[in-house]
Amino acid sequence: MYTVGLFVPCYVDQFYPQVAIASLQLLEKLGCKVVVPLNQTCCGQPMANSGFARLSAGCDKNFVRNFTGFDYIVCPSGSCALHVKEHLESTEEPGTANKIRSSVYELTEFLTDVLNVTEWKGRFPHRVGLHNSCHGQRGLQLSSMSELVAPAFSKPVQLLRQISGLHLLLPERSDECCGFGGTFCVFEEAVSVKMGKDRIQEHERNEVDYITGGDMSCLMHLQGILKRKNSVVQVLHIAELLNACYE
Amino acid sequence: MSSLHASLAEKFNADEARTNWHDQTLWWVRQKRDRAANMLVEWEQLRQWASDIKDHTLSNLHNYLLEFEKNAQDNGIKVHWARDGEEHNRIIYEIIQAAGIKKIVKSKSMLTEECHLNPYLQHKGIEVVDTDLGERIVQFREEAPSHIVLPAIHLKKEDVSNTFHQHLGTEKGNNDPQYLTHAARLHLREKFVQSDLAITGVNFAVAETGGIVVCTNEGNADMGAHAAKIHIACMGFEKIIPKAEHLGVFTRLLARSATGQPITTYTSHFHRPAPGQEMHIILVDNGRSRQLGRDDFRNSLKCIRCAACFNTCPVYRRSGGHSYHTAVAGPIGSILNPNLDMKANADLPFASTLCGSCSNVCPVKINIHEQLWKWRQVISAEGLTAPSKKMGMQLMAWVLSKPAVYRFSGAAARWILRTLPFLAKNRKLNPWYKQRELPEAPKESFMEWYKKQQS
């Protein structure tokens, strides 16, 4: 049995608790002992990506305090997982910080690479579009990238293809950024929204019921645009989708 | 609050149909690049070799530059060294003056854009005609190139037709590309014949041979250099490669990365002046040695100016080259320009979502998106970010490092969004809300829910 520390991104904790609940339930159903460190807050990415990595020492310290001692730390976000992997630092406990960095897994890679999940009990009879988030894809290499001459693979697609009834539809530009980009979404509002609109248009052309993905931040941005135009397309984090298929 | 790039990009996006067209045109170039790359099973190996050769060269630049200088001089080429753009321009002016020349043709050289050569010479009463078709178009319009390979990519054929009608007297409303190109051809031929001096850029300079290579699709560098009495080739000193045998690695990558062609139409090798001709090469620093001294940014000097990072960049495609307000736009420009003027270009490293596509297409494997991230740290440490942003970040860092404060602030923010939504639902004050709905604020955070479950 795997003991897993559940790393919940701050914005998921506050605005999308259902994503963290789904992650917790799914991991438990798959036989993991899930520990939720109660004093976790944020990985520090919002500051670091804005040029203020030097201000994220407090977040790093708190993260180390909460996640020391786990062999597996699982996060339902490629972006937050990548940030910890690349930037978590501790001047007092550099060894512990290194151990944490190498123990962090994004949820879908934990399912495919550690738990080796291949079968799902439930069905998801819907048309589903996948949004590949950049940090998960290009940063954590959860799937092959359209720019490289390399064999094709995708950990989220591998999982979604196992779900009976699920009709997976990939957008024409399979790995173009949605435009969220952290604080980019407000500091470069016009380009950010245009990028999101263009992603949505491709999914709408595929007549999807849901856009799923591994990062709620990208989905939150797409959801904001979809809601403003009263679209029938919904966003659904991949943890929620998979959890719904494991009853 | 809005940065220069953000406000110029917003203006660009005001015409959505045109933004779509710009995005799709450049995406088409990216797709051509993908097809060309996928034809070569050794593509990733080529990228690695190119990267290794450039890394090696940058680490031994001093020796290779001197080797190049010696071999070029032995071939009869006059070699000049320029510390900065001003010195580069002055050297050219002195050559022009010594020969008593008034008319000059110039093929594409981003370095001369970087050094603002055209306005400098025009100010001295010397006519410079850009002979690359795209560059000639933007020159007529008194605009800067918006792309380093496709300088007029921001313009549609209707725009070109209007410009040519105005400057070349072509038929009004005739948008036929063949007709317009023919008019440009006649116009440029006349300029080639009249000119006594040709300026070209340099794609590669080979230390071993003292020769240079210039790649064009229009043959305009050759037309200029062959017709004129004097040929001046201008290069940033990072264009050097050690040996002729390395050229194949780069020429195979360059055109495929740039436009998806297997090779540029003209790949011209210049080794020595033709009989009766004078040939000069200007080796320019202009901040490059400073960049070479920055550990985190030195490998930006590996760039071979293919613009693949422009074409793949989802931000560039939707904001246009002019929104970068510099000679070299796009992701590579955003890591080169802060070195030239950190204050004026402090906005550029933030004009990115850090999606990483640029690093993946780069034929010489520059870690562009990582350098964008690192420039953000440098720029903020230098105090070049808006004070309001800094205060916001300090507050955020404080809240997020204290679990109890974080929980309280989260609950308070959700309460405000639920009970006083008008505070956040303000299209003028909240950029998120301008074109997007806010997420719903749940009554319970995950942690609150989890603690209840546990008790």
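Domain bounds here come from an automatic or database domain assignment. In this predicted model, that gives chain A two pieces: domain 1 covers 3-114 and domain 2 covers 127-244. Going by C-alpha atoms, their centres sit 21 Å apart.

So how do the two domains meet? Domain 1 of chain A puts 25 residues in contact with 22 residues of domain 2 of chain A. The largest share, six residues, comes from α2(A).

Chains A and B touch too, with 60 residues from chain A and 59 residues from chain B. Over on chain B, helix α19 (residues 387-401) gives the most, at seven residues.

Here's what two of these touching sides are made of:

| Side | Nonpolar | Polar | Charged |
|---|---|---|---|
| Domain 1 of chain A, touching domain 2 of chain A | twelve residues | eleven residues | two residues |

Now for a sheet in chain A. Its four strands line up as β6-β5-β7-β8, open and parallel. Because β6 (167-169) and β8 (234-237) of chain A stand at the edges with a single partner strand each, one side of each has no neighbour in the sheet. Ignoring direction, neighbouring strands are turned by 35° against each other on average.

Zoom in on β5 (residues 127-131) and β7 (residues 210-213) of chain A, and you'll find four bridges joining them. For instance, H131(A) has G213(A) in β7(A) as its bridge partner. Helix α12 (residues 216-228) of chain A lies across β5, β7 and β8 of chain A, running at about 170° to β8(A).

Note on methods. Residues numbered from 1 in each chain as written. Chains lettered and ligands numbered in written order. Predicted model: local features only at pLDDT ≥ 70, side-chain atom pairs only at ≥ 80, totals over all residues. Contact = placed C-beta atoms within 7 Å. Helix = DSSP H or I, 4+ residues; strand = E, 2+ residues; numbered from the N terminus. Nonpolar A, V, L, I, M, F, W, Y, C, P; charged D, E, K, R; others polar. Pairing = 2+ DSSP bridges. Axes fitted to C-alpha atoms, helices over the stretch in contact; angles between N-to-C directions.
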